[in-house]
Amino acid sequence: MTTSVRDVTTEAAINAIVAAHRGQRGSLLPILHAIQAELGYVPQEAIALLAHELNVSRADVHGVVSFYHDFRSEPAGRTTVRICRAEACQALGADALVTCARDRTGVSLGETRADGSVTVEQVFCLGNCALAPSVEVNGEVLGRMSADRLRSVLDEAVSS
Ligand code: FES
């Protein structure tokens, strides 16, 4: 098996983050957040490395990664669209936005298009309930979202 440049840099990034948190109690979550912030996702190789470094089982690390919906196990697309499905947004049409996103991108919630253009995710409250339904596009929260407007956002994302 050959080792790619990406593997080396990914492992180096993870090692640096672990070293920065060495000796801290309860450091698994902060480390996972730091890895996701640095790499955009928590790669599979991080699971074994963190288990070894923190003296916990791989199942423990995997359990935390899979419990928190914010952690990704694969790189996100160039555009990340997060549709709020909490109460206020749900009451004002979030389901129609989910359907629109699925129809336009061909992917379900939590998936990325094969061309790497778009990731569609669900989120539970973006703190923008007064302007529901809300969607976050690459970190920018957009309120009073309609299916037509979301389709325009996705058209641009898919073609970029
Ligand atoms: S419920 Fe959607 S932003 Fe709060």
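Modeller: We will go through the salt bridges and their partners, step by step. This is a predicted model, where local features need pLDDT of at least 70, side-chain atom pairs count only at pLDDT 80 or more, and totals for chains, interfaces and linings use all residues. Residues are numbered from 1 along each chain as its sequence is written, and side-chain values use heavy atoms, with hydrogens and water left out.

Biologist: What is a salt bridge, and how many are there by this rule?

Modeller: A salt bridge is a side-chain nitrogen of Lys or Arg within 4 Å of a carboxyl oxygen of Asp or Glu. By this rule there are 9 salt bridges. One of them joins the side chains of Arg 22 and Glu 53, at 2.7 Å from N to O.

Biologist: Where do Arg 22 and Glu 53 lie?

Modeller: Helices (H or I, at least four residues) and strands (E, at least two) are DSSP runs, numbered from the N terminus. Arg 22 sits in the loop between α1 (5–21) and α2 (28–39), and Glu 53 in helix α3 (residues 44–54), so the pair ties together parts 31 residues apart in sequence.

Biologist: Is Arg 22 buried or exposed?

Modeller: Buried means under 20% relative accessible area, exposed over 50%, and partly exposed in between (1.4 Å probe, protein chains only). Arg 22 counts as exposed, at 54%. Glu 53 is partly exposed, at 33%.

Biologist: Which residue forms a salt bridge with Asp 70 at 3.1 Å?

Modeller: Arg 82 does, with 3.1 Å between the closest N and O atoms. Arg 82 is in strand β1 (residues 79–84), while Asp 70 is in the loop between α4 (58–67) and β1, so this pair links distant parts of the chain, 12 residues apart. Arg 82 is buried at 17% relative accessible area. Asp 70 is partly exposed at 45%.

Biologist: What about Glu 121 and Arg 82?

Modeller: They form a salt bridge too, with the closest N and O atoms 3.6 Å apart. Glu 121 lies in strand β3 (residues 118–123) and Arg 82 in strand β1, so the pair ties together parts 39 residues apart in sequence. Both Glu 121 and Arg 82 are buried.

Biologist: Which residues do shared partners join into one network?

Modeller: Asp 70, Arg 72, Arg 82, Glu 121 and Glu 136.

Biologist: Where is Glu 136, and what is it in contact with?

Modeller: Glu 136 is in strand β4 (residues 135–137). Glu 136 is buried, at 15% relative accessible area. Contact means heavy atoms within 4.5 Å. Leaving aside neighbours within four places in sequence, Glu 136 is in contact with Thr 80, Val 81, Arg 82, Leu 126 and Val 141.
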